[in-house]
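Please keep the display in view while reading.

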Amino acid sequence: MSEQRYDAIVIGAGANGLVTAHALARAGKRVLVVEQHQNPDTTADIGWVPPRVIQELGVRNLLLEEPDPWLTAPLPSGGALELSRDMGKSLEAIRRISPADAVKWPEFSARMHRLASVLEKLYLAPPPDIETRDPRELARIGGLGLYVRRLGKQAVIDLARILPMSIAELLDDWFESDALKGALGALGIWHLKQGPRSGGTAFNFLHHHVGSPAGVFRPARSNVTQALAGMNGIEVRRGARATVLAKNGRASGVSLDKSGETILSPMVVSSADPRSTLKPVAIELDPEFARAVGNIKARGVVARGTFEPETTPAYWNLCIAPSLDYLERAYDDSKYGQDSAAPYVEVQRTNGGGGGGRLELHVQYVVPGTHEGLTERVAQALHARPDQIALQPAHESLYHGELTLDQILFMRPVPGWSRYRTPIEGLYLCGSGTHPGGGIPGAAGRNAAREIV
Amino acid sequence: MAKRYDAIIIGGGHNGLVTAAYLARAGKSVLALERRPRVGGAAVTEEIFPGFKFTMFSYVVSLLRPEIIRDLDLPRHGLHILPLESTVTPMENGNYLAAWADHDETRRELYRHSPRDAEAYDEYGHLMHFMARAVKPILSMVPPDPTSFAPGDLFALLKLGKHFRGLGAERLHALVKLMTMSSADFLDEWFETDVLKATKSASGIIGTFLGPRSPGTAYVLLHHYMGELDGVFRAWGFAKGGTGAVSEAIASAARSFGAEIRCDAGVSKVLVTNGKATGVVLENGDELAAATVVSSLDPRRTFLQLLEAGDLPDDFVSDIKRFKFRGSSGKVNIALDSLPTFTCMPDGGPGGRLHRGAVSISPSLEYVERAYDDAKYGEFSRRPYMDIVFPSMIDPGMAPPGKHVMSIFVQYAPYKLNGGWTDAKREAFGDAVVNTVESFAPGFKSKILHRQVITPLDIERITGLSEGNIFAGELALHQLFFLRPAAGWAKFATPVRAYYQCGSGTHPGGGIMGASGRLAAMRILKDGT
């Protein structure tokens with residue numbers, strides 16, 4: 001047994017873990033981060049990094065990528081639909097496939113952006129506590145209500161009407177072009193074991209729109225994890241998997257897998273997924289809580305990988321989702337335990353990490369443990385050779401809990417425990433499994449650190 | 001023009017009749033107009049084949065509001081509800097799952113499939129009972145408008161917030177889950193027996209264009225606990241004389257209060273002068289004047305068909321155009337020479353009780369989900385989900401002695417079928433239904449004397465329900481409460497003064513509940529027109 005040298009141990013050196021660690025260090029705590037992987041992750045972070053995270057921690061060397069055009073979707077007739085950051089350019093591109101859709105594009109973009117701004121407000125603080133009797137919390141909830149009302153009557157209606165909708169219904173209300181609806185609809189099913197016709201996918205669409213400019217429906221990419229890893233003030237131990245230790249309802253530290261070493265600390269903050277964090281200490285938990293943790297839906301549906309064509313392609317972000325039906329059929333296969341026969345594929349070209357021209361793949365839907373013939377099918381979708389594709393097997397949900405309406409806000413990670421605490425004193429959660437969830441690197445980490453401090 | 005009525009009700013379905021009865025009871029001169037030769041709308045009993053009576057469309061009663069039964073004294077007007085006590089689900093391996101009237105027997109039956117589920121069943125039942133009780137008051141309230149700053153709306157919203165907070169954390173969380181999850185996911189948290197989850201979740205998809213894995217279907221599980229008695233997990237009732245008898249009873253009550261009901265009197269148009277409804281024009285050209293006009297038709301016909309384009313504001317019109325119907329269910333009515341024998345329970349159980357209850361063709365979650373997949377892409381289900389009852393077993397008056405009638409509710413049959421519905425497609429759909437039943441009850445086909453196949457298109461043609469949606473508009477989360485049928489217009493009034501809506505397309509909608517009709521009547525009386 002070693003003596004207590006740390007005020008806090010943070011499990012996981014991803015964006016959220018590092019944000020929490022640095023924030024705790026700023027508050028004067030001696031912090032150790034334990035990360036299971038030996039080498040730092042060089043893949044791009046996908047998702048909007050809240051500027052407040054950057055400012056508060058003084059993160060430097062941050063590379064924010066805002067690809068333009070932000071989406072290239074091949075058209076069945078040849079050519080491609082290219083959506084740009086410039087509203088006028090997108091409008092022109094959409095007009096070529098559907099003049100009616102082009103007319104609606106600006107208003108659609110504005111309405112979605114307004115709704116995403118409501119989510120943004122919710123995401124930079126712990127979720128509203130609807131059971132509270134604390135006047136300050138009640139005032140905060142009232143303030144949120146007022147904020148929404150000030151956006152106007154239409155925003156209130158949209159919020160109530162659109163969040164539970166399916167992305168297919170939402171897009172069918174506005175547009176006619178299959179190519180446009182497929183490309184937008186893909187964001188609604190992003191990391192979700194749901195098809196575009198499933199309720200709540202409109203929310204998932206808006207979630208991933210938070211932080212993007214109006215008319216841009218793909219999240220930003222950055223090197224935020226690498227930038228955070230390069231900062232001083234915390235100690236990081238790599239290549240060791242940490243298991244939480246707890247006794248008599250109190251966290252006491254972690255044990256490291258290979259060495260068996262025990263590191264003591266009165267506070268453990270885990271950015272790993274809630275289920276695997278809590279499993280080793282299940283005996284300390286109330287059965288109701290343990291059951292709720294067991295019920296977290298975190299079904300992995302995405303395989304990531306890389307694509308190496310002979311020449312660097314012209315696009316920044318290629319999307320193979322030609323229609324909503326295409327996505328729905330891809331989902332149908334996964335319902336019955338199979339990888340999609342024709343999967344939704346997205347290729348993201350990034351400049352971050354290991355130099356120019358790296359192409360990262362997002363393949364959905366896959367079922368962990370399968371993947372027979374998947375490489376070939378992805379190659380076919382991209383008109384490439386299988387040897388140019390390298391897929392990693394899919395794990396549980398990268399988001400540590402699907403972003404469905406029953407698993408967000410005060411229901412995340414489990415109902416009633418959304419304030420980053422657990423029933424074990426001194427054990428906190430700060431990863432994507434907590435509010436506001438995956439796809440917004442650093443937000444959960446920041447909220448958690450503020451709650452802890 | 002002759003007499004000027006205080007109120008004219010368009011449509012003689014159960015909601016229209018309830019509104020008529022309540023208004024007449026308050027002393028108003030009321031005329032209800034029905035297009036068809038008989039009242040009832042989708043709740044009618046008809047002798048389709050000589051001697052065989054069918055509840056043509058809706059076939060069970062579970063949610064009829066008790067206050068309506070009381071206020072209108074319906075039993076005195078002939079309403080008599082007989083319990084449908086059990087549900088048997090035949091499985092593809094020849095086994096079955098049954099839910100009987102007796103709670104302990106149901107638990108023993110569940111135990112046979114899974115001891116764990118038998119344990120969870122009671123806890124689940126308690127929670128659902130509680131939740132149903134918590135939600136029930138909402139069915140009897142006028143939805144507040146959250147976009148309004150009117151003191152009444154703000155107060156109602158606060159009251160609603162307080163009501164829900166009063167539930168306590170655990171139940172509030174369960175409610176959020178019920179409102180947002182798919183029935184399959186919700187049930188996965190409780191049970192492991194697939195056929196149990198399939199049968200329960202099947203009741204969550206009725207009338208929707210959703211599958212058991214589609215979020216938004218869990219909420220409907222609650223509905224089945226609202227009308228429940230003595231722990232039966234799907235307490236449905238069957239009206240003596242069929243659902244048409246429910247309509248007749250309400251009509252009789254309305255008449256007893258002085259309401260006039262005219263059949264064969266379709267309305268082609270609502271007369272509007274200076275933004276105010278003044279009467280109606282019948283299909284035969286007659287004009288009738290009224291101080292108030294109330295439509296019980298679905299929102300599409302209430303606003304887009306009965307009014308002129310210029311009568312309504314544009315954004316309201318686009319809201320109504322966006323309101324979704326997507327009919328997804330059909331009905332097959334069969335006259336039988338004798339009862340079919342199901343492989344899973346050849347003797348029909350002690351006392352033949354299988355045929356006295358419902359038979360649910362929902363052998364597995366995958367079965368029901370695949371039925372939905374067919375419909376998603378514009379085909380009827382090759383092997384559909386079915387809810388079968390034998391009304392003649394409960395009410396012998398429905399068929400000639402020794403013979404039987406069988407009512408098969410079928411899902412999915414999309415209104416927008418690829419290539420459209422034709423006579424050949426209708427028969428093919430009927431064949432799919434019959435063949436599927438045959439696979440669970442060999443020899444069934446040879447017992448069929450007559451069959452009537454009803455597609456969503458037929459439902460639309462006969463009852464007028466747009467796209468054949470049995471709830472007069474989908475019961476999806478974004479079409480409920482203050483969004484039914486459109487934001488700002490969920491309180492039964494419409495943008496046209498003196499023109500009201502009272503059908504299932506308004507809050508709370510759906511099923512033979514009558515709540516919409518009653519709430520609308522209250523609102524009209526309060527407005528004092």
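Two strands pair if DSSP finds at least two bridges between them; strands (E, at least two residues) and helices (H or I, at least four) are DSSP runs numbered from the N terminus. This is a predicted model, in which local features need pLDDT of at least 70 and side-chain atom pairs count only at pLDDT 80 or more, while totals for chains, interfaces and linings use all residues. Residues are numbered from 1 along each chain as its sequence is written, chains are lettered from A in the order in which they are written, and side-chain values use heavy atoms, without hydrogens and water.

Strand E13 of chain B (residues 329–336) is joined by eight bridges to the antiparallel strand E16 (residues 404–411) of chain B, where Ser407(B) is the bridge partner of Asn333(B). Six bridges link E13(B) to strand E17 (residues 448–454) of chain B, also antiparallel, and there Ile334(B) stands opposite Arg451(B).

The contact between the chains (heavy atoms within 4.5 Å) takes 37 residues from chain B and 38 residues from chain A. Their count of salt bridges (a side-chain nitrogen of Lys or Arg within 4 Å of a carboxyl oxygen of Asp or Glu) is 10. One of them joins Asp173(A) to Arg322(B), with the closest N and O atoms 3.8 Å apart.
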